[in-house]
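Hello,

Please find the structure below. My notes on what turned up in it follow.

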Amino acid sequence: SGLPIPLTLRSPPSVHLLQAAEHEVVEVMLQIFKNEAITKVVRKQTEIRQLELDWYAMNYDTMAAQATLFAGFAFANMTEPVPEGTDFWMEVTY
């Protein structure tokens with residue numbers, strides 16, 4: 001069997017291992033960057049929701065203060081006696 005052995009142009013095994021390791025590092029780094037981006041978005045969304053909650057709480061506080069003031073005026077007017085000599089129908093509507 002005098003046939004020559006064919007030579008293949010292949011890289012040594014250590015180069016393939018190094019390339020595989022570099023590929024894994026790149027995948028891990030991409031996953032880290034992705035996680036960091038998602039975390040930033042979630043934090044920003046949380047900050048916006050907190051601002052919305054603060055805004056609604058401030059509005060409800062303002063409306064509660066106004067309602068208290070109006071209730072005070074209404075109570076003061078309801079407890080005020082009808083002046084003497086007022087017409088009966090006017091007193092009924094009062």
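Tyr 56 is partly exposed in this predicted model, at a relative accessible area of 44%. The rings of Trp 55 and Tyr 56 form an aromatic pair with edge-to-face geometry. Their centres lie 4.9 Å apart, and the planes make an angle of 70 degrees. Since planes over 60 degrees apart count as edge-to-face, the 70 degrees between Trp 55 and Tyr 56 therefore puts the pair in that class.

The other pair is made by Phe 88 and Trp 89. Here the distance from centre to centre is 5.1 Å and the angle between the planes is 75 degrees, again edge-to-face. Phe 88 and Trp 89 are both exposed. Searching the whole structure gives 2 aromatic pairs.

On the overall make-up: the protein has 2 helices and 0 strands. Of its 94 residues, 0% are buried. The accessible surface of the protein comes to about 9,300 Å², of which carbon and sulfur atoms supply 67%.

Next, the charged pairs. How many salt bridges are there? The count is 2. One joins Glu 36 to Lys 40, with 3.6 Å between the closest N and O atoms. Both residues belong to helix 1, and because they are 4 residues apart there, about one helical turn separates them. Glu 36 is partly exposed, with a relative accessible area of 40%, whereas Lys 40 is exposed, at 55%. The cut-off for exposed is over 50%, which is why Lys 40 at 55% is called exposed and Glu 36 at 40% is called partly exposed.

The other salt bridge links the side chains of Lys 44 and Glu 47, at 3.9 Å from N to O. A salt bridge requires the nitrogen to be within 4 Å of the carboxyl oxygen, so the 3.9 Å of Lys 44 and Glu 47 meets the rule. These two residues are also in helix 1, with a spacing of 3 residues, about one turn of the helix. Glu 47 is partly exposed, at a relative accessible area of 47%.

There is also a nonpolar patch on the surface. It is formed by Val 25, Val 26, Val 28, Met 29, Leu 30, Ile 32 and Phe 33, which together have about 650 Å² of accessible area. One of these residues, Ile 32, lies in helix 1, which covers residues 13–79. Ile 32 is partly exposed, with a relative accessible area of 43%. Membership of a patch needs over 30%, so Ile 32 at 43% passes that threshold.

Last, Glu 91. Which helix holds Glu 91? Glu 91 is found in helix 2, which runs over residues 88–93. Its relative accessibility is 40%, so Glu 91 counts as partly exposed. Apart from neighbours within four places in sequence, Glu 91 is in contact with Val 82 and Thr 86. Pro 81 and Glu 91 are 10 residues apart in sequence, and the distance between their C-alpha atoms is 9.9 Å.

Regards

Terms used:
Residues numbered from 1 in each chain as written. Predicted model: local features only at pLDDT ≥ 70, side-chain atom pairs only at ≥ 80, totals over all residues. Heavy atoms only, no water. Patch = residues over 30% accessible without salt bridge, like charges linked within 9 Å, V, L, I, M, F, W, Y side chains within 5 Å. Areas by Shrake-Rupley, 256 points an atom, 1.4 Å probe, with all protein chains shown as cover. Buried < 20%, exposed > 50% of the residue type's maximum accessible area, 1.4 Å probe, protein only. Phe/Tyr/Trp six-rings, centres within 6.5 Å; stacked < 30°, edge-to-face > 60°. Contact = heavy atoms within 4.5 Å.
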